[in-house]
Amino acid sequence: MPTVSNFPTVSDTESVVGPVPSEAVSVQAAVRDADSSPLVRIRSLLPGLARAEQRVAKVVLEDPAHVARRSITEVALAANTSETTVTRFCKAVGVGGYPQLRIALAADTARTEARSTRNLGGEIGPEDDLAAVIGKVSFADARAVEETADQLDIATLERVIAAVAGAGRVDVYGVGASAFVAADLQQKLHRIGRVCFAWSDTHIMLTSAAVLSPGDVAIGVSHTGATTDTVEALRVAREHGAVTIAVTNFPRSPITEVADHVLTTAARETTFRSGATASRIAQLTVIDCLFIGVAQRHMDASVNALDATRDAVGSHRLGVRPDGRRRPRETGK
């Protein structure tokens, strides 16, 4: 399977991700809290849907407010499919039926309008000026953080925090944009005295995974969940007894098949792959929550370690205040 750096389009989903494994994550496990956005769930489950169901998903995602006012017959016609397929799509995304989908979409539209009156969308056109580009990119990034926080499974996060806090060693795997996220987690955990390594080279990832053992933790970061290198490294780590954790945008993606715990993000793809930025920010949101949770488990030791590391690099900072004035020279410590 080739490395995938972005969320596949509807037309090429099956060729990139492949058929849904027979032991795929169940719908109930894939669907997060009922109060989370139905659009977030639909986008995250999209790769695992049948082609006809994907067409329904596209209709819903393109104009959810309009779908909330349309009959099931109208939606079926717009998706070039049958009413039965629309009903099957509703069940696949954990809504139950079409009436429930309409209610969920209407409620989500109301929440979105209350949260922000400027739904700028994600498509950036050649006619957009720089101000519009800034607005659209920042809006997509802010929504990625908000929606990720809304749908994050707290119970799963607690189990992950407990595993990392008690681990003898933590390996973090990620390639491409996800490698920066892996490095960020490694730096954070290292600063509070946790033994953690971040790897992005395929051979090193695999050899590192092969020497893990029970009591260790391996974390794979992949937006699509279909990056071969990361999936394979997590599989090897699991075979050697390590607790495996996946951070991905898609709870039915291949990486979830080799993960004991799955933490999901909620970032959407936009023009010029600015979604790559949004996905990274969404991943960093999850990583920050994980890090703070681990630091809380070892509060005193974490605070002491942070103070020590801050003092260690203090002499390498210019003695200048934020307002440009020089700080007084310290004579005490």
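Visitor: How many salt bridges does the count come to?
Guide: The count comes to 12 salt bridges. A salt bridge here is a side-chain nitrogen of Lys or Arg within 4 Å of a carboxyl oxygen of Asp or Glu. This is a predicted model, so local features need pLDDT of at least 70, side-chain atom pairs count only at pLDDT 80 or more, and totals for chains, interfaces and linings use all residues. Residues are numbered from 1 along each chain as its sequence is written, and side-chain values use heavy atoms, with hydrogens and water left out.

Visitor: Which residues are linked in a network of salt bridges?
Guide: Arg43, Arg143, Glu146 and Glu147. Within it, Glu146 pairs with Arg143, with the closest N and O atoms 3.5 Å apart. Glu146 and Arg143 are 3 residues apart in helix α9 (residues 130-151), about one helical turn. Helices are DSSP runs of H or I with at least four residues, strands are runs of E with at least two, and both are numbered from the N terminus.

Visitor: Is Arg143 buried or exposed?
Guide: Arg143 is buried, at 8% relative accessible area. Glu146 is partly exposed, at 31%. Buried means under 20%, exposed over 50%, partly exposed in between (1.4 Å probe, protein chains only).

Visitor: What about Lys136?
Guide: Lys136 meets Asp128 in a salt bridge, 3.0 Å from N to O. Lys136 counts as buried, at 16% relative accessibility.

Visitor: New topic. What is the strand order in the sheet?
Guide: β2-β1-β3-β4-β5, an open sheet of 5 strands with parallel pairing. Two strands pair if DSSP finds at least two bridges between them. The twist averages 20° from one strand to the next.

Visitor: Which helix lies across β1, β3 and β4?
Guide: Helix α13 (residues 228-239), running at about 165° to β3. Axes are lines fitted to C-alpha atoms, for helices over the stretch in contact, and angles run from 0 to 180 degrees between N-to-C directions.

Visitor: Now helices. How do α4 and α7 pack?
Guide: Helix α4 (residues 51-62) and helix α7 (residues 83-92) pack at about 80°, with axes 9 Å apart. That makes α4 roughly perpendicular to α7. The cut-offs: under 35 degrees is roughly parallel, over 145 roughly antiparallel, 65 to 115 roughly perpendicular, and the rest oblique.

Visitor: Which residues make the contact?
Guide: From α4, Ala52, Glu53, Val56, Ala57 and Val60. From α7, Thr85, Val86, Arg88, Phe89 and Ala92. Contact means heavy atoms within 4.5 Å.
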